[in-house]
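Biologist: Could you walk me through this model? I would like to begin with the sheet and then move on to the helices, the cores and the charged pairs.

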Amino acid sequence: MLSPVIQHALRLAMEAGAQARGTTSPNPPVGAVILDAAGQVVGVGHTQPPGGPHAEIMALADAGDKARGGTAVVTLEPCNHTGRTGPCAQALVAASVSAVYYLHSDPTPQAGGGATTLARSGVTVRQLDAPSGPQDVLIPWLTAASLGRPHVTLKFAQSLDGFTAAVDGTSQWITGERAREYVHEDRARRDAILIGTGTALADNPSLTARFPDGSLRETQPRRVVVGSRDVLQHGADNLGSLGFEQYATPEEALAELYSSGARDVLVEGGAGLAISMLEMGCVDAVQAYLGNVILGEGTGVLARAAASTLATAPRWQRTAVMELGDDLLVEYRKKGQ
């Protein structure tokens, strides 16, 4: 069982990593904490944007000489290679840290092996049991590293009886103000937002991450349209005002996004793109916003059936339920991930 000191440091490290989400890809949003020899927190850091220092380097700089004889608690195994920055495992050894606790092993061949390097240098090394749930912001990056494509979250807002729009096509707003604010907070943590051409033409969205007053957040996702229709020619000028990418198929979109550094993407609509992603087996997580409204009839989440019978319908693992005003956000993860 973990000591309270390590548990506290782990929470701080995970919180630090969460602050970096949306700014680090293709690198992982790692958090790190340095404890001095007496167990006091003396350094906290997280991964900087690509080309900048990793979490351990930031935490060591924060700790200074107090790291000597201390303990590092990191959300990912310290890297063991030299890229645009040096190996974090060697930096921890050079700082005379006596112990390192980490959550996840690094799955990449070029960076893995840091735990072995540390142990060979006389550092006590221990891997921790990772908690499940949305607080573990490394899950999307780890999934992407394993699958060779971005981690995909399918997001939709629906009425209590399962419709995303009313009979007349209106869909604004199924959820209330607090839920919509959270959507923008979440967008700022994603590498890209994907929509189909039908949604682009029907809604003319900007796909930006905004504050309640309408101003743009500092971190913005890439805006991606999937489909062959020319959305600008048909009036989707909100997308054009800030620039967007367009790919003909979901397969092309995911491949190009991954090759250009995206690891964590959000699919926001519509029903055709959603079912295509599900049929490809590329949906890793689901965000279902449940609005406090009943419609009785309208547009469904998917363009066609995902399963013909309950016996073959895919089941998901619930990871979180969040109250957002009178609405709910229910989050699920694909079982086995």
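Modeller: Two strands pair if DSSP finds at least two bridges between them, and helices (H or I, at least four residues) and strands (E, at least two) are DSSP runs numbered from the N terminus. The model is predicted, so local features need pLDDT of at least 70 and side-chain atom pairs count only at pLDDT 80 or more, while totals for chains, interfaces and linings use all residues. Residues are numbered from 1 along each chain as its sequence is written, and side-chain values use heavy atoms, with hydrogens and water left out.

Biologist: Switching to helix 2, which of its residues are buried?

Modeller: Ala-55, Glu-56, Ala-59, Leu-60 and Ala-63 are the buried residues of helix 2 (residues 55–63), where buried means under 20% relative accessible area, exposed over 50%, and partly exposed in between (1.4 Å probe, protein chains only). Seen down the helix axis, these buried residues fall within an arc of 125 degrees, so they line one face of helix 2; the arc is that of the directions from the axis to the C-beta atoms.

Biologist: What do they pack against?

Modeller: The buried residues of helix 2 pack against strand 1 (31–35), strand 2 (41–46), strand 3 (71–76) and helix 3 (88–94), with contact meaning heavy atoms within 4.5 Å.

Biologist: Now the largest nonpolar core: which residues touch the most other members?

Modeller: Of its 22 residues, Leu-194, Val-224, Leu-257, Val-265, Val-267 and Met-277 touch the most other members. A nonpolar core is a set of buried Ala, Val, Leu, Ile, Met, Phe, Trp, Tyr and Cys residues joined through side-chain atoms within 4.5 Å. A second, separate core of 21 residues includes Ala-67, Ala-72, Leu-76 and Val-100.

Biologist: How many salt bridges turn up in the whole structure?

Modeller: The search finds 11 salt bridges, each a side-chain nitrogen of Lys or Arg within 4 Å of a carboxyl oxygen of Asp or Glu. One of them joins Asp-186 and Arg-190, with the closest N and O atoms 3.2 Å apart.

Biologist: Are Asp-186 and Arg-190 buried or exposed?

Modeller: Asp-186 counts as buried at 3% relative accessibility, and Arg-190 is buried with a relative accessible area of 3%.

Biologist: What about Glu-279 and Arg-304?

Modeller: Their side chains meet in a salt bridge (2.9 Å, N to O), which links distant parts of the chain, with Glu-279 in helix 10 and Arg-304 in the loop between strand 13 (299–300) and strand 14, 25 residues apart. Glu-279 is partly exposed at 49% relative accessible area, and Arg-304 is partly exposed at 44%.
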